[in-house]
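Dear colleague,

Please find the structure below, with its sequence. A summary of the findings follows it.

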Amino acid sequence: MSDDVVRILSIDGGGIRGIIPAMVLGALLKDRNAQDVFHLIAGTSTGGIIASGLAKPNPMTLTEITSLYVDHGADIFNPATGSPGGILGPRYSPDALIALLGEEFEKTHLSDINASGDKAELLIPSYAIGLPKENPPGNTCAPMFFRSWQARGVLLEGDATAAEYDFRLSAVARATSAAPTYFPPQALLNKAGQQFTMIDGGVFANNPAMCAIVEAHKLYSAQNFLVVSIGTGSEPSRIDAVAAATWGDVQWALPLITILMDGASQTTCVEVSELLADNHWRFDTSLASPTPQGEQVDPAMDNASAANIKALQDKANQLISANSAQLAALAELLAPPKANIPPGQTRALKGMLVSTTTPPSA
């Protein structure tokens, strides 16, 4: 591998199906620390929770992350805590998730990530429905990216301060996983005391791989990338076109969320493959077929029953087994130490001097 390749880990959203990427990563990395293997770790929604766990100063092991879903999934997705049927309000209370994230991430802030400069940066997409000030031309909603490097004062925008980009990691993880209709939006404060209200980043970047490539290009003045992208299982999209012609708000609510998230992931996967070819390593599995044990996985993001969790684990093991050769080849490719590529500096690229002091857009 070239010594200027930026290694990116990207993890999709998918609720309880986060079991799948957690187990696949465990098979790929084994006892290696993701911070030592990758330059940038990106994750959306449940992938953002996994990415945060991997990137924090005292990282969670992949066994611990998998256990988070297995042991606490039923508490997080507990129908008794939300609005019945999700008709008049969110399906679930966020209290169990907030408590769990608070326990796992404690008082960690984004600025604590990669403080030594030799670990991995963190990128988490979310979507703001409430901003502390209007964006031109008067928007109070906008895509938003939580960037660990900006929280440390690297590549700030305009006259912004690092405190404006620095948030509690637990709040960031909760914000990116605030899926509409499932959980209420998340209000969070930065260190400057400004308040934002966020929903799930999956509404625009359920697969954050392309976002991560753009950010890495700016952060490292890079043009060479290796992207490891892991999905949470794909489900066939089936809409009754005749029935849909008469649907209103209620009937479209959940199908529309699925279409937005799956469509965004599928589009990104195609684009990244076109861009990187063999340097794009994508691992995902169809949830339409049964597991070797004969189980049928429920593709719903919130089915945390013991039977479905077992089926998700078996589906992950099936994916690992089917891709054992690819995982071994990738592990060998990632075995050498990652290149030392300092962020936020001016570097020569193909004969051109490119400054990375110009900050990325919000």
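**Surface patch and aromatic pairs**

Ile239, Leu256, Ile259 and Leu260 make a nonpolar surface patch of about 300 Å². Patch residues have over 30% relative accessible area and no salt bridge, and nonpolar side chains are joined within 5 Å; a salt bridge is a side-chain nitrogen of Lys or Arg within 4 Å of a carboxyl oxygen of Asp or Glu. Areas are Shrake-Rupley values with a 1.4 Å probe.

This is a predicted model, in which local features need pLDDT of at least 70 and side-chain atom pairs count only at pLDDT 80 or more, while totals for chains, interfaces and linings use all residues. Residues are numbered from 1 along each chain, and side-chain values use heavy atoms, without hydrogens and water.

Leucine 260 is placed in helix H11 (residues 249-276); helices are DSSP runs of at least four residues, strands of at least two. Leucine 260 is partly exposed, at 38% relative accessibility (buried is under 20%, exposed over 50%, partly exposed in between).

Aromatic rings pair if their centres lie within 6.5 Å, with planes under 30 degrees apart stacked, over 60 edge-to-face and the rest tilted. The count is 8 aromatic pairs. Phenylalanine 77 and tyrosine 92 pair edge-to-face, at 5.5 Å centre to centre and 80 degrees between the planes. Both lie in the loop between H4 and H5, so the pair ties together parts 15 residues apart in sequence. Phenylalanine 77 and tyrosine 92 are buried.

Phenylalanine 145 and phenylalanine 204 are edge-to-face because their planes stand at 85 degrees, with centres 5.8 Å apart. This pair links strand E4 to helix H8, 59 residues apart.

Yours sincerely

Technical notes. Patches are made of residues with over 30% relative accessible area and no salt bridge: like charges are joined within 9 Å, nonpolar side chains (Val, Leu, Ile, Met, Phe, Trp, Tyr) within 5 Å. Buried means under 20% relative accessible area, exposed over 50%, partly exposed in between (1.4 Å probe, protein chains only). Rings of Phe, Tyr and Trp (its six-membered ring) pair if their centres lie within 6.5 Å; planes under 30 degrees apart count as stacked, over 60 as edge-to-face and the rest as tilted.
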